[in-house]
Amino acid sequence: MMQFTETPPQLLHQITSFSNLTMNKNQIHRTRPWPGFPSSKSLGNFGDANCMEQLLVHCANAIESNDATLAQQILWVLNNIAPPDGDSNQRLTCAFLRALITRAAKSGTCKMLAAMANAHYNLSIDSHKFSVIELASFVDLTPWHRFGFTAANAAILEAVDGYSVIHIVDLSLTHCMQIPTLIDAIASRFEVLPRLKVTVVGGTEDVPPKLDLSYDELGLKLSNFARSRNIVMEFRVIRSSYADGFSSLIEHIRMQHFVYAESGEALVINCHMMLHYIPDETLSPIPNTNSNPYFVESSSSPSVRTMFLRALRSLDPTIVILVDEDADFTSNNLVCRLRSAFNYLWIPYDTVDTFLPRGSKQRQWYEADICWKIENVVAHEGLQRVERLELKSHWVQRMRNTGFRGISFGEEAVSEVKTMLDEHAAGWGLKREEDDLILTWKGHNAVFATAWVPA
């Protein structure tokens, strides 16, 4: 995890003499203009977010072209204007700077530059492992997840009314933190309490937030909580991976639901910020000689993401909830991804000042998880790059193309979301787009919630 200190980081020009880098003499002594780069006069306001973004873009281009001299110059500027304990724009830029250094460590001429910088930076990101209580409190700090929980629970309750058994397949990044509120809502809403089945996937522990206990232990806690609300609950963990579109989970549900569908069981697929980890069109499965799938850039065959949605449709679910972050990190072009991420991830950095004090442990955990996302988007490629967010409009088209029909969130859902937002800072807002709900920060889209049924 990034170390936030009281003193500014050591300046890159003080680390060592960059002229000792291994490169030819023409590279060392050549001075030349930077195409498209603003002049020194126009860079007077270094704290401007647009200026910082432009510097990061030029740094990325320099690293991609193995131009260590230019990368050195820009890294020096960035290091001096973006301390890790600065304002929100500076901390955001610092996270991207570190991600670019991590990427540079893997590429050509810039390896030496990265090694030198790495010796003076703590580039490792140590994501905190949360206890259940810590994670529940952490999620409650901001509407980032609560928005999706609130909208989803309202839609689910309406869809499952009258069913004797409710089967929730919880594909959630937050380790079932939504389930207790759903249990409470079921207990208070229905006169005849249904039996509840919750199925989750194990094997997604490599992405934050991370939990410090097993899913079996978590399931026991949830079952006990349900029992305290007079609800009988079964909890099942299926080992499955987003890398192959949760194929083992799909097969398990197919077998289970085939047996119980006619006995009054509702099948709810709750997707909370997890589906964007499933490989998209830029990664398609090709069988290798060991019969294990690997992935290459391709657009000619259906993506794993599309195949997952088709498989989901074949299960004929009662309702599918899709909640995710409204941004596009799918481009194979580094600069496009960097720009998209920079112009989206300022939001969590900007909001943190409203609910966590500087220097607090929770704030370090919160920003470390954002840093992990930035590093994954910027520093990695291929299978390692799992943060592949898509815009809401893209997901809407995917769902329609695979046989789903969007349904509107009711007035009760809208009212509950608005009530929840009243508990948080004034910058948060809610807007409706056709059938969908969108969480906004200062008017900018942050998270969307959509609800679907088989067409």
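By class, 15 nonpolar, three polar and four charged residues make up the lining of the largest pocket. The model is predicted.

**The pocket.** The volume of the largest pocket is about 580 Å³. Its lining counts 22 residues, and the closest to the pocket centre are Asp140, Phe149, Met177, Pro180 and Thr181. Helix 7, helix 8, helix 9 (179-189), helix 10 (215-228) and helix 16 (411-421) each give two or more residues to this lining. Helix 8 gives the most, with six residues.

**The cavity.** Searching the whole structure turns up three cavities of 30 Å³ or more. The largest cavity has a volume of about 350 Å³. It is lined by 20 residues, and Trp144, His145, Glu325, Asp369 and Ile370 are the closest to its centre. At least two lining residues come from each of helix 7 (132-140), helix 8 (143-160), helix 13 (334-352) and helix 14 (361-379). Which helix gives the most to the lining of the largest cavity? Helix 14 does, with five residues.

**Helix 3.** This helix covers residues 49-64, 16 residues in total. At 1.5 Å a residue it should span 22 Å, and its end C-alpha atoms are 22 Å apart, so the two values agree. At the start of helix 3, a side-chain oxygen of aspartate 48 comes to within 3.1 Å of the backbone nitrogen of asparagine 50. After the helix comes asparagine 66, with a positive phi near 55°.

Which residues of helix 3 are buried? They are Cys51, Met52, Glu53, Leu55, Leu56, Val57, His58, Cys59, Ala60, Ala62 and Ile63. An α-helix has 3.6 residues a turn, so residues three or four places apart point the same way. Cys51 and Leu55 are among the buried residues, as are Cys59 and Ile63.

**Threonine 102.** This residue sits in helix 5 (residues 88-104). Is threonine 102 buried or exposed? Its relative accessibility is 17%, so threonine 102 counts as buried, the cut-off being under 20%. Valine 378 lies 276 residues away from threonine 102 along the chain, yet their C-alpha atoms are separated by 8.8 Å.

Key. Residues are numbered from 1 along each chain as its sequence is written. This is a predicted model: local features need pLDDT of at least 70, side-chain atom pairs count only at pLDDT 80 or more; totals for chains, interfaces and linings use all residues. Side-chain values use heavy atoms; hydrogens and water are left out. On a 1 Å grid over the protein atoms alone, a cavity is a set of points where a 1.4 Å probe fits but cannot get out, and a pocket is an open set with protein on both sides within 12 Å along at least five of seven lines; lining residues have an atom within 4 Å of a point. Grid points are joined across faces, edges and corners, and a volume is the space filled by probe spheres set on the points. Helices (H or I, at least four residues) and strands (E, at least two) are DSSP runs, numbered from the N terminus. Ala, Val, Leu, Ile, Met, Phe, Trp, Tyr, Cys and Pro count as nonpolar, Asp, Glu, Lys and Arg as charged, and the others, Gly among them, as polar. Buried means under 20% relative accessible area, exposed over 50%, partly exposed in between (1.4 Å probe, protein chains only). The expected span of a helix is 1.5 Å times one less than its number of residues. A polar contact is a pair of N or O atoms within 3.5 Å; within protein, one must be able to donate a hydrogen and the other to accept it, and residues adjacent in sequence count only if both atoms are side-chain atoms.
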